[in-house]
Amino acid sequence: MNTVPTDAIKSGSVQSGPDHSALSDPGTEPGTEPETAVGKTAETATGNAAETEQAGYLDEKIAQVRAMDFLQYRSPDLPTWCPGCGYFGIMDAFYKACRELDLAHENICAVSGIGCSGRTPIFINSYGFHTLHGRSIPVATGLKLAREDLTVFAMAGDGDALGIGGGHLPHVARKNIDITFILFDNSIYGLTKGQSSSTTPYETKTNSHPVGNPDTPLNPIKLALAYGSSFVARGYAGDPEGMKALIKAGTLHRGFSFIQILTPCVTFDKTNRTWKALKENVCSLNLHAPAPDNMESAMRAAENEPYGTGIFYQDKERPSYQDILRQKKNAK
Amino acid sequence: MKTIDKDISIVIEICGSAGEGTISAGEILSRFMSAQGFEIMSFDAYPAEIRGFGKCVAHTRVSANPIYSPGKLADVLIALNDNHAISQLSALKKGGILIYDSQPPKPHEEDQSVVARADAVTISYGVPLTMLAQKAAGNARGRNMVALGALTALFHLDRDAFTNSIKDRYGKKKQIVIDSNVNSFLEGFDWTKENIDKADTISFQGVTPPQSKAEQKGEKLIINGNQLVAKAALDADLKFYAGYPITPATKIMEILSKELPKHGGTLLQTEDEISAIGAVIGAGYGGIRAMTGTSGPGFALMTEFTGLSVMAEMPAVIIDSQRGGPSTGIPTKTEQSDFNAAMFGGTGDCPRVVLAPTDTTSCYDATVLALYLAEKYQTLVVILLDFFLSNSIRNIDTPKKPAPKMLNANIAPDAADLAGYQRYKITDSGISPRTIPGTPGGMYFATGLEHDANGRPNYTDKGHLAMTAKRFRKHASVLAEAPAPMISGTQEMVDIGVISWGSSAGAAHEAVVTAAGEGISAAAFSSMMLSPFPEKQVTAFAGRCKKILIPELNYTGQFADFVTKIIKRPVERLNFITGRPMAAEDIVEKMREMI
């Protein structure tokens, strides 16, 4: 199933150390892959020195990316998202997180709902289930309870998770089901072409509210905290390294991990959550020192830092749902 | 009154107010009769409210021979509460027996006592229920036991064995509770022996059921449909149950919450029925057997996920124990009005399997079959129970455990399939070999979108047609291994053929026997498998019936509409929405009209 030839270079970014040779292109010796890649392209780029220089730069970049070895987590399918969409960045971070956690492809299950984010599992080289609008959480819950050995991700957009599926979030959080939930929050319904969602700011003009959104938006971080999520974080689609770190931390967290990603909808939101606005406003959370285990400061940050990224809250001690069931069973 | 012989078959009703011990008295009576070797069928009618002034009726049919329906009218009515019992007199046979409290705590207004309202041919026995209970235990709570004592004395039942049944029922309670109940029973027994002149002919003296079940003792289960569904699910390797409380299905969840963890499974109480079926589909996707149970209102919520189960080809089993509808309807009354919702509910061309057990024992078979079919055919299976099947109690032989082939039904891809694995491969049977997550080389993407053999979204006309046809081909494969329809009565050409389903089937088969006794030539047909339906068999059956009658517990005849289309001829309908189970007597009456 590996469509991107991988090599056997163990870059410094690989955390755990199992042998990846099984995943490698058998014809490629460690360290030789950049050479062949460069060689091929160099043949086609002849004459013009500037072209050669550019080709050399691209080749170098391609070689670097390949050396990072994370594209193996991408499926052969080309994403259907609009050019410039923030979701590309999210997926980049997702692939890298999987790579660095060294997850076996067949043990990853990505469960999604409906909307632009719903297509996500198609683009992951793993097991994937594109379910119903708002229902990624129930399906992911059943899957995780059936198969604790799997690494289960649930993906949903703001309309999906907070609108139609909003009733499931409190319960997956309070039960502390051990799944990682990634909220692709672009504050708009994109696939249906630009209607207000649960996170569209008050008075924003949208196709469903041309004279301005009359609804007060939800604050997803505050909700996640109030519902009792044991891991709450926010990332930004323009910060792949930051998102990667959050997805890794969320995946390693034993219990329900809630990760909101601020991302623009480049097609249907020209005024509110644009790349420009996000770039100007997004910053690191700074209310936490030394550890984010303080609910009060997390709530304050959720209120006061709408663009703050990082981990708001994490309760590492709280047992997951399945841990609790085991405790109860053993206690009998 | 009929002569009492070895064919004894009587119906006893105990009527009281919620909280008066009506249901417990019925339960003890049933257990005692079962222990004596009789067939029993019992059910309770009670209000939705937990306690208060609602009317409760514990209905028990006792017979030396197999029972197919609960019996419409009672031979005996025990009135613990005159107000409620007055309205129950209409369910007492002409010349039936009434046992009432002759010294109620507050004297009744003239014409407000049950004995004053009973007609002249009723045989009435006044027993001072309250007074004797006071005497036995210092309070009136044991009136139900006094009444059972009176019944035991009147019908020459085994007093000591009955005492043991009471002790068994309260065995885990404090000694004082056991003593109070036993003493009340004995007071009632002694007083009746002493003071009542027997005017009826019912006697169990010397009655031995045809096949003595003494040696089978211990193998007999006294059980209702909900309990049997839970037992079957555990026997059939259920590993996950998700549910949301709703009458009359809640009990299944409560039993499994105790039992599933012991069997290595998980129970999840969800925030709503949408989440319950979603989790079941998620667990089925993960490769374990999963099920949920609900009633009409919850089934309505689950409908969006039923389409996903069929489209993404994920196993899911839903039990819908029907109650009065539509909407919140009548939570504690039985009805068969979810037929259309189960068969056709939802959007798109959506082939699913629907099973409807026809009696308590077949609740077991249906559950085992449902889990098998869902897993093998990667599809939705709905089991239609109803309030009556869920709650009525039978004593049955312990069902045989499922054969090994029923327990491991997933068709996994072989090595050849895995090379260029296609999760939704087009096949003749409609079944595409299925990997479960964690299988290297078997990764796939599942979706509720129309898709190609690889699971990738595909909206072409050819693709949609090929996939829809593939999903529908499962029906033919399922039908090939469906249990045979039950056909009773003569095999010849008959005047009336009765086609029935679900809990009404027992009454239909019994009616055919009764009608034959009256010289009406008749036969009955019922099928546990509703979708896919055995169309050939039903058409052949209809071909030898001059007239067709379809009795069911809904207003319009949902099943009759369905069958009419298949057999392409008009049918007579018999519809009730009284909230009571189908009665053989009513079917027989309709048959007499049709002749």
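Reply: Happy to! Two strands pair if DSSP finds at least two bridges between them, and strands (E, at least two residues) and helices (H or I, at least four) are DSSP runs, numbered from the N terminus. Here, F129(A) stands opposite A446(B) in β15(B). Strand β2 (residues 127–130) of chain A and β15(B) pair in the parallel sense over 3 bridges. A word on the source: this is a predicted model, in which local features need pLDDT of at least 70 and side-chain atom pairs count only at pLDDT 80 or more, while totals for chains, interfaces and linings use all residues. Residues are numbered from 1 along each chain as its sequence is written, and chains are lettered from A and ligands numbered from 1 in the order in which they are written.

Me: How many residues of chain B are in contact with chain A, and which elements supply them?

Reply: Two residues are in contact if their C-beta atoms, placed from the backbone, lie within 7 Å. By that test, 34 residues of chain B touch 32 residues of chain A. On the chain B side, β8 (240–243), β9 (266–269), α10, α11 and β15 (445–447) each supply at least two residues. The largest share, 9 residues, comes from α10(B).

Me: What is the make-up of that side of chain B by class?

Reply: Ala, Val, Leu, Ile, Met, Phe, Trp, Tyr, Cys and Pro count as nonpolar, Asp, Glu, Lys and Arg as charged, and the others, Gly among them, as polar. The side of chain B that touches chain A divides into 21 nonpolar, 9 polar and 4 charged residues.

Me: At what angle do α10(B) and α11(B) cross?

Reply: Axes are lines fitted to C-alpha atoms, for helices over the stretch in contact, and angles run from 0 to 180 degrees between N-to-C directions. Angles under 35 degrees count as roughly parallel, over 145 as roughly antiparallel, 65 to 115 as roughly perpendicular and the rest as oblique. The axes of α10(B) (residues 273–285) and α11(B) (residues 296–311) come within 8 Å and cross at roughly 30 degrees, so the two helices are roughly parallel to each other. Residues meeting there include I277(B) and I281(B) in α10(B), with L301(B) and F305(B) among those in α11(B).

Me: And how do α8(B) and α9(B) cross?

Reply: The axes of α8(B) (residues 225–235) and α9(B) (residues 250–259) come within 8 Å and cross at roughly 40 degrees, so α8(B) and α9(B) are oblique to each other. Their contact has 7 nonpolar, 2 polar and 2 charged residues.
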